[in-house]
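Student: Could you walk me through this structure, one question at a time?
Tutor: Gladly, let us look at it together.

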Amino acid sequence: LPHPVPPVRGGGPAEAPVNIVLFTDFECPYCRQIIPLLDEVLEKNPQNVKLTFKNMPLKFHKLAEPSAKAALAAHEQGKFWPFHDKLFAEKKLAEDTVKKTAIALSLDIPRFEKDMESPKIQSKLQKDILDAQNAGVTGTPTLFINGRAPRQRSLEGMQAIIDDELQKLSKKQ
């Protein structure tokens, strides 16, 4: 599933044994609400968990796809997570949010705008969307922990799966 992804949020190691894959949409209010929970999970599991971000812009959110392309373009300048955080900090995205965010993060704007429209960024976005389709994802946010969908989106529910995955791995060694 993972393709080269933005740096892991919260410092989780790239080689962490447990991977949380999150399919999300920058215009989705529920996606904004899940961020504190994911931050808690990463804080509680600094060595064992990494977060893989996948864009899944929903068709009825007209600013979702441009925002996804913008975040991927920001990644080209090493600013994915700051860009992500600023977009989700907005109560509601507006037409000029992307540009204002790029300026606030001191991105090279001509390069950023060129990258947003590049075949490379389009290809990354299409790969995320295809991954979502292949995983049977129909809405956002959707997450998988080592391929397993948590029944309970709570710290306890997610931690139970993480602990179970770590236990399975320890038995294999």
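**A guided tour**

Tutor: Of the 173 residues of the chain, 52% count as buried, where buried means under 20% relative accessible area, exposed over 50% and partly exposed in between, with a 1.4 Å probe and protein chains only. This is a predicted model, in which local features need pLDDT of at least 70 and side-chain atom pairs count only at pLDDT 80 or more, while totals for chains, interfaces and linings use all residues. Residues are numbered from 1 along each chain as its sequence is written, and side-chain values use heavy atoms, with hydrogens and water left out.

Student: In what order do the elements of the chain run from the N terminus on?
Tutor: Helices (H or I, at least four residues) and strands (E, at least two) are DSSP runs, numbered from the N terminus. The chain has 7 helices and 3 strands. Read from the N terminus, the order is β-α-β-α-α-α-α-α-β-α.

Student: What radius of gyration does the chain have?
Tutor: The radius is taken over C-alpha atoms, and the globule rule is 2.2 Å times the number of residues to the power 0.38. For 173 residues that rule puts a compact globule near 16 Å. The C-alpha trace spans about 50 × 30 × 25 Å along its principal axes. The chain agrees with the globule value, at 16 Å.

Student: Of the contacts with a separation of 6 or more, what percentage comes from residues 24 or more positions apart?
Tutor: Contact means heavy atoms within 4.5 Å. Among contacts in the chain with a separation of 6 or more, the share from residues 24 or more positions apart is 77%.

Student: At which residue does helix H1 bend?
Tutor: The bend at a residue is the angle between axes fitted to the seven residues ending there and the seven starting there. In H1, residues 29–44, this angle is about 30°. A proline, Pro-36, follows within four residues of the bend, which is at Ile-35.

Student: How many residues of E2 are buried?
Tutor: In a regular strand the side chains alternate between the two faces of the sheet. On one side of E2, Val-49, Leu-51, Phe-53 and Asn-55 are buried, and on the other so are Lys-50, Thr-52 and Lys-54. E2 is mostly covered, and its buried count is 7 of 7.

Student: What is the handedness of the crossover from E1 through H1 to E2?
Tutor: Two strands pair if DSSP finds at least two bridges between them, and E1 and E2 pair in the parallel sense over 7 bridges. The chain goes from E1 through H1 to E2 as a β-α-β crossover. A crossover is right-handed if, with the strands pointing away from the viewer, the path from the first strand over the helix to the second runs clockwise. This one is right-handed.

Student: Is Phe-23 buried or exposed?
Tutor: Phe-23 lies in strand E1, and its bridge partner in E2 is Lys-54. Leaving aside neighbours within four places in sequence, its contacts include Met-56, Asp-128, Ala-132, Pro-141 and Phe-144. Because its relative accessibility is 0%, Phe-23 counts as buried.

Student: Which residue does a cis peptide bond join to Thr-140?
Tutor: The omega angle of this bond is about -10°.

Student: How many disulfides does a search of the whole structure find?
Tutor: A disulfide is a pair of cysteine sulfur atoms within 2.5 Å. Cys-28 is buried at 3% relative accessibility, and Cys-31 is buried at 1%. The number of disulfides found is 0.

Student: What is phi of Ser-106 near?
Tutor: Ser-106 sits in the loop between H4 and helix H5 (109–116). Since its relative accessible area is 61%, Ser-106 is exposed. Its phi is positive, in a residue other than glycine, and is near 55°.
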